[in-house]
Each structure stands twice: as C-alpha cells, then as structure tokens.
Amino acid sequence: MSRTVVVGSGISGLTVAALLAKAGRQVLVLEKKPLAGGALHRFKRRKIPFDVGFHYTGNLGPGDITRRLWRYLGVEPLVAITPFPRDGHDHLQIHGRAQPVQASFSYPRLTAHLKEQFPAEQGAIDRYFAVIQEICAQIPFYNLDLPLTPFLQGMASRHLPLAAFLDSLTSNQELQAVFALPTFLYGVPVSRARLDVHAMVAHSYYMGAYTVAGGGQAIVDAHLKILARYGAEVRTSAAVEAIVDDGRRVSGVLVDGEFIAGTDLIFTGHPTAMIDLVNRDFFRPAYTSRLRELENTMSMYALFGRLPAGAAQEALQWRNYYSLPPGPAEFHDFMGCSPAQRQLMMSSPGARDSQSLSAGGEGVILLAPAHWQEMARFHDSTPRNRSAAYGAFKEEVAARMIDHAARTWGAAYGAMEPLAVGTPLTFRDELSAPQGSCYGAMYCLGQYNPGVRTRLPGLWLSGQSTLMTGVVGAALGALVTAGEMTGLEGLWEEVRQCP
Ligand SMILES: Cc1cc2nc3c(=O)[nH]c(=O)nc-3n(C[C@H](O)[C@H](O)[C@H](O)COP(=O)(O)OP(=O)(O)OC[C@H]3O[C@@H](n4cnc5c(N)ncnc54)[C@H](O)[C@@H]3O)c2cc1C
C-alpha cells in the first residue's frame, strides 16, 4: 500500500494523520523535535506543568464541531473536557480605567455586564454582538447545516476591515478595546484585522471556554493513542530536510540523508519553510514569492513562573487576566513604546487540573506581544550558543513583566519566581516558527494564505496558516486537508453527523 507522510506532529499533523489513518491509509508522521505535540507540548519546571500554546479554547461544547471531530476520531473518550464555570471569565484591566471588565464566556452574561459598565453604549453593544452572530450563522463550522465548499471558495472575498466596523459602532476607546480583545488570540493588529476572521475566533469564546485536564499534552497523548489504534506510525527527532519527487509527483522525503518513500505528503509547518524543501520547478515564481513574503502573526515574550502556594489559587483558576491599553491593540506598533503600555496576559492553565495543584506552588504564565526586530542582535544565535547578553536580556524581560503584573493586579504577583522565559527566538527554534510568530501567517487584510492544494501532485499543506489559527483552527484546517484528499463533502458529512 502506498504511504502518506505527515510532516509535523502539532494538532494539525496529529489530526490529519488520524483522519487519513481512519480512512484506511498507511500513515507515517515525522516530527523534528524529540517529543510530539508542537505548540501543545506541556513541560515541567520544579514539577509544575506549563503549557506552551494552550491556555483555553472555545468550540468544545456538546454539539460543537471540534467536539464532533474528536468524537469521530475516538479522541473524545480519552480526554476530560472541562467547561469554564459560570463565573469564569477574562478579567480586563484597561489602562486608566478604575473598574475592570469581566468578559464572560457567554453572550447573555457578557452583553449584560458590558451594558452595566458602558450604559451610554447599549446600541453599539447590541450591534457588535448581532453582527458577529450574523457572520457566524453563515460559517459551516458554526452552522452545521451548511456545505463546506462554497464557504471555503468564498473565504478570499470577505476582507472587511474590523477597525472600520468598530469605528462605526462607537468612539469609546475602552469599549473598542473590549471588542478587539480576541485579536490577541489570533495575533493580528486591529488595523490589519478582518471582520470575518475576528467573528470566527471571537464567537467561539463568546459561546463558552474550555480546558482539557492535563492541558495540551493530554490532547496530544489522546491523538497518539488513536494513531496507534489505527496503525499509524509516529517518528520523532526526524527533521524532514527535503521533499523528493519523481518528476511527476511526490515520491518521498529525506530525513538525515535517509530516503523515506511516500506518495502523498502533508506539510504542517509554516508554509514559507516548505518552499526550501521542494523542487521549485513545480511552482510558479509568483506562488513561491507569495509564500516567502507571507506576513506573520505577533510573537511573544513568555514568562513561566511560580507563585508561593495559596497566593492566587482561586483568582487564577478560572480567569485569564489581561492588562491592555484603551483603543484597538496595535501589537506591531509597540516598538519603542514603554513596556507598561503593552498588553499583558496572565493565565494559569495548570491550575485548572489536579496535577499541578499538588506540586507545591502555583504555575503562572505571563505573555506579552514581542516584535522579531527587538531580538535583532541575537538572531544569529542558536539554542546551543546563546550569549550571556541574551541571558541578561531575558532577565530584564522577566523583571519588566513581573513588575507590570504586580502594578496591575496586586503586589502578591511581585513575588513571582521566573522558572523559564521564552522570547521570539524560543518560538523560532522550538516551533520552527519564522520570526517567532505564535500563530503562523496572519489572516489579515490584503493577505491570501495558501490553500491546501499545491501544484506538485501529492504535496498538500495543512497547519495553522492554511485555514485558521488556534487549536480549533488548526484541527479544522486538518479536517479540510484530509477532506480535499479523500472527498471534502463526504468527510464533512460524516463528521458533522457525528452526534
Ligand atoms: C504562546 C502561545 C500561546 C497560545 N495560546 C493558545 C490558546 O490559549 N488557545 C489556542 O487555541 N491556541 C493557542 N495558541 C495557538 C496554538 O497553539 C496553535 O495555533 C496550534 O497549536 C498550531 O498547531 P499546528 O499543528 O498548526 O502547528 P505546530 O504545533 O507548530 O506544529 C508544527 C510541527 O511541525 C514540526 N515541523 C516543522 N518543520 C518540520 C520538518 N521539516 N520536519 C519535521 N517536523 C517539522 C514542528 O517541530 C512542530 O512540531 C498559542 C500559541 C502560542 C505559541
């Protein structure tokens, strides 16, 4: 039987591999890092678990499409999906505003709270939520009665600017900041953001937020079990160095000089990285330069720290904290602006399951937008030869973030002990993410992300840059890729009918 090779073992690679293996294909997953999981990998410091790329997600409620997908694959019984409780919320501290805003994961509760907080803006609030819901009623991933093909074909034509929409609703900068908050979850500055993409991401969180016991790692482990059940193989420490063709179509890959045969290949890393692996004669120069010039989502500074036991357990368990400037967030314009003016997110995914509560201290993650150019003097370094200056830079970053957290949310957070610090270089080197981008290529005004088909027969794309970002976006992108390979509407029918 001919073999299908999947490059990358993040949620995209695991999902597309599981779908194809379930469909009867012989599947081999190749992952360059020693452990599978990509951004979903969970690591430990002083026994405290930390998630890299999974803090919370929407779309895992009963009947939601990602839940159906997990049920279809057999993943659902292997993971404990936990909804945030009724009082769980995003806690927004807008600079200069006395009252925090509680952004609940519920349309009715969020609407009621915003109307209390912004009594003069009732019309803007109603209109914002009505438009988001109208858009999502036309998206098959939310309205399961719809076919997928027309939606996917129309994606390129729906570029309406989010910023103009927000301006049409209100001039209240604090309310605009609340509406714009989900841009942080797909990494596009408001001036570049598309209304349809915003709606797609925001709606999922306004419908409900979820976590999985054991974090992103539990999602990975469940997929690995399913792959084993379907007879698929996963090889780690296997970096694909070249995609080989026989002059007509893909014939395999090179890993450490070894040829591994495969007649179909799905590349789930960043699309720009694919270009250097193939025989470019198959592609038009315009396609090659389009992929090379894709603009990327923001990068981040990430601090993985520890608070003394009991310091903030309750506060952190079912809330994410955001400190943000009023007005739309311009992640890419903060070069030179004071760190205190940047957004900061504080979250503790590990506090949401029993594993970490017994670890003697609380794990806290701080995330702040970072720009690739801020790291210019360290770009040439690798994890093996980082300089002392880089170490000092990371210490400075950590101190700034802790200071910001303590000033915003209380002195107790000043006692945070940094256990690890990530920078754009970390994301570049650990996730193979160009410019350390956290969510891949931007879905934004004026940019057309590549589709899953390529002109090299047998070569397909998947991953967070091909349909949508985030755990849900990447998993659904994998569904689209597997569907394009095996029959899109047939697979869509099977998954959406899965009760
Ligand atoms: C800091 C941070 C916070 C986030 N928070 C959230 C959140 O709270 N909720 C949410 O839904 N999403 C979040 N995300 C986004 C989410 O994690 C990603 O969108 C998603 O996990 C991407 O999955 P992927 O499979 O497309 O890519 P990845 O997980 O990056 O997987 C790609 C894999 O391909 C491998 N690879 C690349 N090139 C090769 C090669 N040549 N050979 C072999 N292997 C290769 C890489 O090593 C990697 O393992 C966050 C991301 C980050 C970075």
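The protein chain contains 17 helices and 19 strands, where helices (H or I, at least four residues) and strands (E, at least two) are DSSP runs numbered from the N terminus. Its radius of gyration is 22 Å, close to the 23 Å that the globule rule gives for 499 residues, so the chain is as compact as a globular protein of that length; the radius is taken over C-alpha atoms, and the rule is 2.2 Å times the number of residues to the power 0.38. The model is predicted, and local features need pLDDT of at least 70 while side-chain atom pairs count only at pLDDT 80 or more, whereas totals for chains, interfaces and linings use all residues. Residues are numbered from 1 along each chain as its sequence is written, and side-chain values use heavy atoms, with hydrogens and water left out.

Along its principal axes, the C-alpha trace spans about 65 × 55 × 45 Å. Of the 499 residues, 60% count as buried, a term that stands for under 20% relative accessible area, with exposed meaning over 50% and partly exposed in between (1.4 Å probe, protein chains only). Among contacts (heavy atoms within 4.5 Å) with a separation of 6 or more, 73% are made by residues 24 or more positions apart.

The search of the whole structure for aromatic pairs returned 24 of them; rings of Phe, Tyr and Trp (its six-membered ring) pair if their centres lie within 6.5 Å, and planes under 30 degrees apart count as stacked, over 60 as edge-to-face and the rest as tilted. The ring centres of Tyr107 and Phe129 are 5.6 Å apart and their planes stand at 85 degrees, so this pair is edge-to-face. Because Tyr107 belongs to helix α3 (residues 107–117) and Phe129 to helix α4 (residues 122–136), the pair ties together parts that are 22 residues apart in sequence. Tyr107 also forms an edge-to-face pair with Tyr206, at 5.5 Å centre to centre and 70 degrees between the planes, and this pair links distant parts of the chain, since Tyr206 lies in helix α8 (residues 195–207), 99 residues from Tyr107. Tyr107 and Phe129 are both buried, as is Tyr206. Ring pairs join Tyr107, Tyr128, Phe129, Phe165, Phe179 and Tyr206 into a cluster.

Most residues other than glycine have a negative phi. Lys47, however, has a positive phi of about 70 degrees; Lys47 is found in the loop between β3 (42–45) and β4 (48–51) and is exposed, with a relative accessible area of 67%. Ser237 likewise has a positive phi, near 50 degrees, and is found in the loop between β9 (233–235) and β10 (240–245), where Ser237 is exposed at a relative accessible area of 53%.
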